[in-house]
Amino acid sequence: MRSRLLWTIAGISATVGILMFFLYTPGAPGTPGPRQAAQEEPRAVTPHQEQTIKQSTVHNDILATDRLNRQDARQHLRAMANNSQLRKPGQIQSYAAKEQRTHPHFVQVKWFQLDSNQATDVNGKLPQLKPQDQELINHHFKKARQKLKRGEAYESPKFTVGGQPYVIVAEPSADRKIGAAALINEAVLQKVSHHQKRNLRLIPYPKEGKFRVESIHADTLRDITVKTGHDNEKASHFYENEIVVSFRNPPSEQELEAISKDIDCGKPRKLGYAYVFRSNRLDYKGLRQYFEKKWQPKYTEPHYIYLTNDLPRQSANSGTGANNSEMVNIPNDILFSEYQWNLPAIETNRGWDLSKGSEDVIIAVIDTGVDLNHTDLDGQFVEGYNVVDPEQQPMDDVGHGTHVAGIIGALVNNGEGVAGISWYNKIMPVKALDASGTGTTYAVAEGIIWATDHGAKVINMSLGNYADSQFLHEAVKYAYDRDVVLIAASGNDNTERPGFPAAYPEVLAVAATDANMNRAEYSNYGDYIDIAAPGTNIASTFPGNQYAALSGTSMASPHAAAMAGLLRSLNPELTNREVMELMTTYTIDLGNRGRDKYYGSGQIDIYEALNAAAGNSQTPVQLWPQNVINSLLEELRRLR
């Protein structure tokens, strides 16, 4: 019976293959598929050039972050100055104090009644000031007042007080009778600088020895020492005194107690059929020898550490990939038009005519957590989970996860900040990476399984490692087999080495492009790349009700995750495999014609994919042979 079924499948597959050859030859007249955009082959860069490019990207991310937060501050001050209810000192102080609670970087607010030369001060958490520091602040407030009297806005240059960067911005009311000014702490610039140097691997990350971390060559598993950021291209990291073990038969409690005594460890952590053991005296080599000799397990492997995958900036207004005069659905979010080149580049605005998302389709973000109190993400979350500390909420102590979440679902048309790609898909925050931006195989795997079991239909993973972990792959398969769309960043080392989980066949691997629709020169590449999405200088939410521009494949991945959420919202009957097929079929073809190792199938096109999912194109005809083949392959996989 089984043999006959296999022969039947083989025969049908051959027939479908012939049909595809005649009916769907690439480039045949009338064949629907990727839109072509002529591109040059990405140029090779030396390690030194790569370092220079990444340093330039960090610099431009900092400049863009500065502009984002200045503009956001000006919007809040403009609203304050034009609020007709604020005319008495008590009203002003109450309102300004509320602003400072939600925006702690507003460390001092001054309210000027310009016709009477009266001023009201509202001080937040001011730094310890030296006389010369106070003199500098007073100088810029004086210049702000002079500008306001002429009915003009004011922005100071950046200056340093107490070792931190500050600016003063001011806005007049429409009738020029009132002016509001604020001293803004721009410590976010230092955070972005440090964050991007780590995520773009400009510095060794994680530092050797800090967490008893061992570094190995991803291919040979031999020890190497990470001395520079570039060394991360070849390195995978793991805890030197831990091991992951999958037994052929589950051990009893008595056997686990015996193991604990043998290797001097506490109670192991268990997830699925695998255990993580931490020894107080043995290193990984000793642990592996012990388990291989005494227990003959199904497999053993290091307990790997996963890092965030967060680079020259073009003008934020250039190369959007869409004619501005033809754009539709322009949201009123204050930073959208000037900074969010990435949304029109992937036809998000046109796509909103077809789908804005659905609360029933949950997108999990496995990352550093999120800022649950950010006003531009208010109401966008469902219950999440903190793998690092299950007793705590999944709050973001890094900024990476908040930025990723904002790309997916920052509030649209709320008159402030940025716009997310999805209006209504709920975000499930799963904190698997700690305050250093790193997490273990166990934590990431647990996050995947928890999100799957709690209703996530899409999972975004802006993280990675170059070592293939069977333990993590089992968790990925668990989610995929339960109809979850899994999407991951490819990595930022400009290498062809496959990174995981992106390279697993069940995961959609995302490379990064810039504002000119060229491959971002930091973006990893290879045959495993499925699609590309904007990743350079992406404006999004950041902790503390702030905004930041970050670059990396970490930023590209959530564009694809949000797109998957829109597709599943429009057509809930689509399986995860069908969603992935739509995403890779309807793209803007970049680079060499057809699929290539730099862009995969091309840059995502939200409108065209949604149009196909809605049945408004030739998709059913085009995808029919591929769907049959995939169904047959799935049947074969189950029969093995």
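**View 1. Who sits around E416 in this predicted model?** Leaving aside residues up to four places away in sequence, E416 touches Q75, H76, D333, I334, T375, D376 and Y547. The model shown here is a predicted one. As for where to look, E416 turns up in the loop between α11 (400-409) and β17 (427-431). Is E416 buried or exposed? With a relative accessible area of 16%, E416 falls under the 20% cut-off, so E416 counts as buried. There's also L335 to find in this view: its C-alpha atom and that of E416 are separated by 7.2 Å, while the two residues are 81 residues apart along the chain.

**View 2. Helices α12 and α13 pack against each other.** Which residues in α12 and α13 meet? On the α12 side, look for T441, Y442, V444, A445, I448, I449, T452 and D453; on the α13 side, they meet F471, L472, A475, V476, Y478 and A479. Sort the residues of this contact by type and you get 11 nonpolar, two polar and one charged.

**View 3. An open sheet of four strands, in the order β11-β12-β10-β13.** The pairing in this sheet is antiparallel. Which strands stand at the edges? Those are β11 (269-271) and β13 (299-301); each has a single partner strand, so one side of each is left without a neighbour in the sheet. Going from one strand to the next, the twist averages 20°.

**View 4. A closer look at β10 and β12, a pair in the antiparallel sense.** As background, strands of a sheet pair through backbone hydrogen bonds, either parallel or antiparallel. In this pair, β10 (residues 242-246) and β12 (residues 274-278) are joined over five bridges. To pick out one of the partners, find S246 and then A274 in β12, its bridge partner.

**View 5. Helix α13 comes back, this time with the sheet.**

**View 6. Stepping back to the whole protein chain.** How many helices and strands are there? The chain has 17 helices and 27 strands. Of its 640 residues, 58% are buried. The accessible surface comes to about 26400 Å², and 49% of that belongs to carbon and sulfur atoms.

Methods. Residues numbered from 1 in each chain as written. Predicted model: local features only at pLDDT ≥ 70, side-chain atom pairs only at ≥ 80, totals over all residues. Heavy atoms only, no water. Axes fitted to C-alpha atoms, helices over the stretch in contact; angles between N-to-C directions. Helix = DSSP H or I, 4+ residues; strand = E, 2+ residues; numbered from the N terminus. Contact = heavy atoms within 4.5 Å. Nonpolar A, V, L, I, M, F, W, Y, C, P; charged D, E, K, R; others polar. Buried < 20%, exposed > 50% of the residue type's maximum accessible area, 1.4 Å probe, protein only. Areas by Shrake-Rupley, 256 points an atom, 1.4 Å probe, with all protein chains shown as cover. Pairing = 2+ DSSP bridges.
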